[in-house]
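Here is a briefing on aromatic contacts. Look at the sequence and structure first, then read on.

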Amino acid sequence: SDLLAVSMKLKASQLVGKLFMQGAVMTLNDLLDDETVVQLLGHEFGCQIEIDTTEETRLKVTGETVDEEIAKTYAGELIIRAPVVTFMGHVDHGKTSLIDRIRRSNVAATEAGAITQHIGAFQCGTAVGPITILDTPGHEAFTAMRARGAHVTDVVVLVIAGDEGIRTQTVEAISHAKAAEVSILVAINKCDKPNFNAENVYRQLAELDLLPEAWGGSVITVNCSAATGEGVPELLEMIALQAEVLELKANPQARARGTVLESEMHKGLGAVATVLVQNGTLRHGDSFVFDHLYGRVKTMQDEFGKNLKEAGPATPVAITGLSGLPAAGSEFIVVENEKEAREIAEGRKIGVNQAHLQKKRPFTMEKFMEESVQTGQKQLNLILRADVQGSLEALKNSLSKISSDKARLEILFAGVGAVSESDVELAMASRAIIIGFHTQIESHAEALIKQSKVQVRLHDIIYHAIDDVRALLTGKLEKVAQERTVGAAEIRQVFRASQLGKIAGCHVSEGVIHRNNKVRLMRQGKVIWQGTISSLRRESEDVREVKSGFECGIVLDGRPDIEEGDRLEAFEIIYLSQEL
């Protein structure tokens, strides 16, 4: 703020005051990283501000996401890639056992006696093509990666034990998968058990808006057994079929970019990261950056420990040669050489340090108001928690009655019990607000809430909860700009100056004319010009404002043609809150 004030030849307190009036509380040393805010300040003080973004662009390497990059690629350069699959579901329903069964069958099909390594993911060869399976089951890891902006999964396999049916974590997993907008397949596990009941699972899925194909819906279900291997080949075929529908493509000729799945420190190799190549081809010796770290591929291995020279799209590999340990979900991108990678990483580190120096602030509502659905409606994502099912249903029904054409509510998840870590992670990934009714926050979730600054609002009275949500939804609506006339002046004489052009000798007839006001030049009741004041003087001295009944000299920006008898109307723009 201080540096901007110096550049604008103003006092820093003026900028801070103006920001405060707009609802942004900042200090002199805070970093103004929002271009809209900077341009708004320039607009308010009559300054034209040009922001140099060359360094920011260089450090970002590319402003396009992987999907945007692929969409802009010539169709002839694209190839079909393997789908990336994550297994999710309730604890003890067989996620890990199912993955292990697929892994063992994959080893048998590829190389007898091969010993696989846990690298976070593996590629499975099937009769209908390769499938990449993330070996970190559980919606917690899935959502933690989404919270960092990583979108790596194409298909979620929801594992449900056929003898138990849908449980609490299953419902949470469905909420997380829906929030990520990925395809969902259902593996009904433990079909070898005598009390296996697929019809019960179908009914429970239908209640959660996942109508199975067996009941005329679109959700594919497969009966399988991790213990015997029954149904596993059919499950893989269904995954491949779903991938065919999705038409997943990538460009192997592009520079490699992708996501870090997991990382660890190895005694002999140093930092080792498992990365998933999402576009392009990663080659031995390539230099790359992720976050504020960099590296050069020294070794690259698959899940069998086999050294690779290159890895194409949808291939998971363990790589070494990193300057540090990257976090899961970090994006990597290949650059020209190691020198450039180091420079970009160092530049990013400076930005990270600056961010750490800034005073940590809780999420403001403005941060939650950024996203809107494609229809143009604003959307508020909510996660609901209540003490009992009856309270939860009452809250959901009451909230469903809050309807508006301008904004809508989206309940991502509603459950009974205390606010959990899983709820906070989903809120982080989906920019949601957690509403608790007659419930508390789990002790181990409190630290994550403080760290992530997710908003959790606890209520004991249902009307207060509804009013709170209504206020949040109203806050999502953009404010309406409205002009308000604050003063007027009559031009009684026109003076000419060689450097300033025409100077309007005015008598202020109404209100107050302020130096920072916008003005309209009126002639015979018509607006002939609109702009800002370049100079405001009274008795040869620069002044900030002139009140009604006094005379002053005004120079207008752009030197419009003014005449005696013209009227100047000063106005300001105010922003009014909308109603739902």
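**Aromatic contacts**

Phe-288 is buried, at 1% relative accessible area (buried is under 20%, exposed over 50%, partly exposed in between, with a 1.4 Å probe and protein chains only). The model is predicted: local features need pLDDT of at least 70, side-chain atom pairs need 80 or more, and totals for chains, interfaces and linings use all residues. Residues are numbered from 1 along each chain as its sequence is written, and side-chain values use heavy atoms, without hydrogens and water.

**Ring pairs**
- The whole structure holds 3 aromatic pairs (Phe, Tyr or Trp rings, the six-membered one for Trp, with centres within 6.5 Å; planes under 30 degrees apart are stacked, over 60 edge-to-face, the rest tilted).
- Tyr-202 and Trp-215 pair edge-to-face, because their planes meet at 70°, with centres 6.2 Å apart.
- Tyr-202 sits in helix H9 (198–207), and Trp-215 lies 13 residues away in the loop between H9 and strand S7 (221–223). Helices (H or I, at least four residues) and strands (E, at least two) are DSSP runs, numbered from the N terminus.
- Tyr-202 is buried at 9% relative accessibility, whereas Trp-215 is partly exposed at 38%.

**The Phe cluster**
- Phe-288 and Phe-332 also pair edge-to-face, with centres 6.1 Å apart and planes at 70°.
- Phe-288 is in strand S12 (287–290) and Phe-332 in strand S17 (331–335), so the pair ties together parts 44 residues apart in sequence.
- Phe-332 is buried, at 2% relative accessibility.
- Ring pairs join Phe-288, Phe-290 and Phe-332 into a cluster.

**Charge over a ring**
- The charged end of Arg-520 sits over the ring of Phe-571, 4.3 Å from its centre (the criterion is Lys NZ or Arg CZ within 6 Å of the ring centre and within 35 degrees of the ring normal).
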